[in-house]
Structures are given as structure tokens and as C-alpha cells.
Amino acid sequence: MSEEIYRVVKRYIESRNDGWRFILGDKVYDKHSLIERMEKDKKFRRYIIEEVIKTAVDLLTPK
Amino acid sequence: MMNLLSQLDTDYTLLLKDKAVRENFEREVGRHDIVVFYDHGDERGLYAQGGATYIVDKKNNHLLKGRVIYTLACTWCSDGGIDTWRKGAKVVWGYVDVFGFTLTDEKLFEECANYGLIAVLKEGLSWEEALEKAKKKFDEAIKKARDGWSIVWLRHNRDALVCYTENNPPKTSRCLFRRFLIWLLGAKRAWQVRFAKLISLILTCVGYGIALHDFAHNVWELKGTIFSPEGGYIGFSMMAVGIVMLAWSESQH
């Protein structure tokens, strides 16, 4: 299931333009470096997937 | 940062770039009620320029006693911020996890990050009210975001945002025993418990019990009963009243 979510996340990031930047703490990522880190660093990938799932749950929770 | 300062219209001392070092912070902090720190950090402290040392860590965070510290430094409030609050900082505003943002919706992230300070200084809200409104500001930003990735990190930052005050103490701690106390007594009462006082009370009560048992045993050996009008019992009764009075007066502070 989480691999499926990861594939969707990866596709989403790949679809960003080349000027797209994401800053997490003291690291600055473009779409390529973010995907590269997620591919190499399993812990980081899990962290990102968790954040996406938490956001989905939050958005679907009636306020 | 400059945008925020221009909105606040207040006196300030700027420690930018090479001036953002520990010595300058320690020299200037006494002149200000509010310290705003917009740079990186970790669980232990707030980084000085270059990130090799800390401007604030557990060795000098007592300097923030009675002051407000407002920061967006990553994860500081998961440990260092709690310690700073415990040492008497009036308000600790920050994040318990890393702060993330996208350049696509940078303006929205900036508005949310600055909002708490503006809400207190310009709108006159309390810090607790400002926290509540800041979280709502993140919710509004989530609806306005143009990039789905921004939504993930606005939600993340919203959930990581905390504000520790007298009325809103930390709900967790690195210390297992403190976490147990928070679970048992609730955060507000749990943080009032000081370990030195708790241990001294336990030692006093256990020592009292041992001494009373020993005295009663000696009375029984001499008189064949523990119930005998002895001066020692009067002394133990006076000590018991004294311990209860001490514990009661401590709980009133």
C-alpha cells in the first residue's frame, strides 16, 4: 500500500517544473534531488509517505 | 524577517549574519522582552551563524526567563524549548518537528509563520488565543495553496506548531517519569512537581515510618504494648503535623 502511495507521490513530484523548490529544515530540494533522496533513504521515504497519509486523513476528516 | 519587523513597528536589535552569535545574544537579551529567532535549530538549541554552535542551548536558556521566545527553528520545541519554558521563559513559540515549505506558496507559509507575533503585538490577543488563530490561519492557507505539496507541509507545520505558556504547558517530555505524571495529573499540575522536592518528601516519609516503627518496637519490648504515653510519640505527632503543613504550604506556591 505504502509503495503505491510512494509511486503517486513520485509521479506528482516528477510533474513539477524545473524551478520547483521544496525546503525541509536546512535542506533545499528540487524535484530531482527530492526523488533521489526518497529513492536512496528508506527512512526519509517513510517519513514523506506518513506526512502525505496524515494530510489525506486531515483533509477527509470533517471539521 | 524584515517584512515582519516593518509590520510590527517596534524597537528592536537586529543580529543578522555574522552578528548572530552567542556572545551578542547574551549581551543583548537583557534589554528585550521578546526574542524572535528566524534561523535553523535542532532539539538541543538554536543555531548561531554558520550552524557550528548554538546561540541558545540548555546552558544559557535561563537568560530567557520571564521573556518571550518566538521561533520557527526546526524541532527545538520538542526538547530545548520545553527546557527553556521550564526554566521560566514566559512564552515559547515554535515547532516540535522540522519546518517545511515550498517556494510556490512561500507567501502563504510566511504569513502563517509570522501570524502569532502579529496577532499578539498588533491585535492584542493572548498567546493562547494567537496559537488557536495561527492554526486556523494554516487551515485557511491550506485552502488557498496552489501546490498539493504545499498542502502537505502547511498541515505538517500546523500540527508541529506549539506555544508553551503558564496556561498551556507542554503535553509531553523526554523524561519518562514526567510523562507518567502528565498522564496521571494533567500537564499543568505535572509540571509543578519538582523532582528534588518529591524525592525529599518520599525520603522524609519513609525515614519517618522506619523511625516510628523502631520506636514503637522498643516501647513494646519494655512495656509489653506499643500503646504507652511516651514523649517520643508526642515528638512523632509534632513531626507528622509539621510534614503535612510543609507539604500543604508548598502546594500553595
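Trainee: Which strand do four bridges join to β1(B), and how do the two run?
Mentor: Good place to start, and keep in mind that this is a predicted model. Four bridges link β1(B) with a strand of chain B that covers residues 68–71, and the two run parallel. Within this pair, Val36(B) stands opposite Tyr70(B). The partner strand is β4 of chain B.

Trainee: In what order do the four strands of that open sheet in chain B stand?
Mentor: The pairing in this sheet is mixed. β1 (34–37) and β7 (161–164) of chain B each have a single partner strand, so one side of each is left without a neighbour in the sheet. From one strand to the next, the twist averages 15 degrees. Read across, the order is β1-β4-β5-β7.

Trainee: Which strands make up the open sheet with antiparallel pairing?
Mentor: This sheet has three strands, taken from chain A and chain B. Its edge strands are β2 (27–29) of chain A and β6 (100–102) of chain B, and each pairs on one side only. The twist averages 15 degrees from one strand to the next. In order, the strands are β2(A)-β1(A)-β6(B).

Trainee: What is the bridge partner of Leu24(A) in β2(A)?
Mentor: Start from the strand pair: β1 of chain A spans residues 22–24, and three bridges join this strand to β2(A). The two strands run antiparallel. In β2(A), Leu24(A) has as its bridge partner Lys27(A).

Trainee: Which helix lies across β1 of chain A together with β6 of chain B?
Mentor: The helix belongs to chain B and covers residues 148–160. Its direction is at about 150 degrees to β6(B). The helix is α6 of chain B.

Trainee: Why is chain B described as more spread out than a compact globule?
Mentor: Chain B has 10 helices and seven strands. Its C-alpha trace spans about 90 × 40 × 35 Å along its principal axes. For 253 residues the globule rule gives 18 Å, and chain B is well over that, so it is more spread out than a compact globule, with a radius of gyration of 25 Å.

Trainee: What distance separates the centres of domain 1 and domain 2 of chain B?
Mentor: Chain B is divided into domain 1 (2–173) and domain 2 (195–251). Taken over C-alpha atoms, the separation of their centres is 50 Å.

Trainee: What pattern does chain A follow along the sequence?
Mentor: Chain A has three helices and two strands. Its C-alpha trace spans about 35 × 25 × 20 Å along the principal axes, and buried residues make up 16% of its 63 residues. Along the sequence, the pattern is α-β-β-α-α.

Trainee: Is Arg16(A) buried, exposed or partly exposed?
Mentor: Arg16(A) is placed in the loop between α1 (2–14) and β1 of chain A. A residue needs 20 or more other C-beta atoms within 10 Å to count as buried. Arg16(A) has 19 within 10 Å, so this residue is partly exposed.

Methods
Residues are numbered from 1 along each chain as its sequence is written. Chains are lettered from A and ligands numbered from 1 in the order in which they are written. This is a predicted model: local features need pLDDT of at least 70, side-chain atom pairs count only at pLDDT 80 or more; totals for chains, interfaces and linings use all residues. Two strands pair if DSSP finds at least two bridges between them. Axes are lines fitted to C-alpha atoms, for helices over the stretch in contact, and angles run from 0 to 180 degrees between N-to-C directions. Two residues are in contact if their C-beta atoms, placed from the backbone, lie within 7 Å. Domain bounds come from an automatic or database domain assignment. A residue is buried if 20 or more other C-beta atoms lie within 10 Å of its own, exposed if 12 or fewer, and partly exposed in between; C-beta atoms are placed from the backbone. The radius of gyration is taken over C-alpha atoms; the globule rule is 2.2 Å times the number of residues to the power 0.38.
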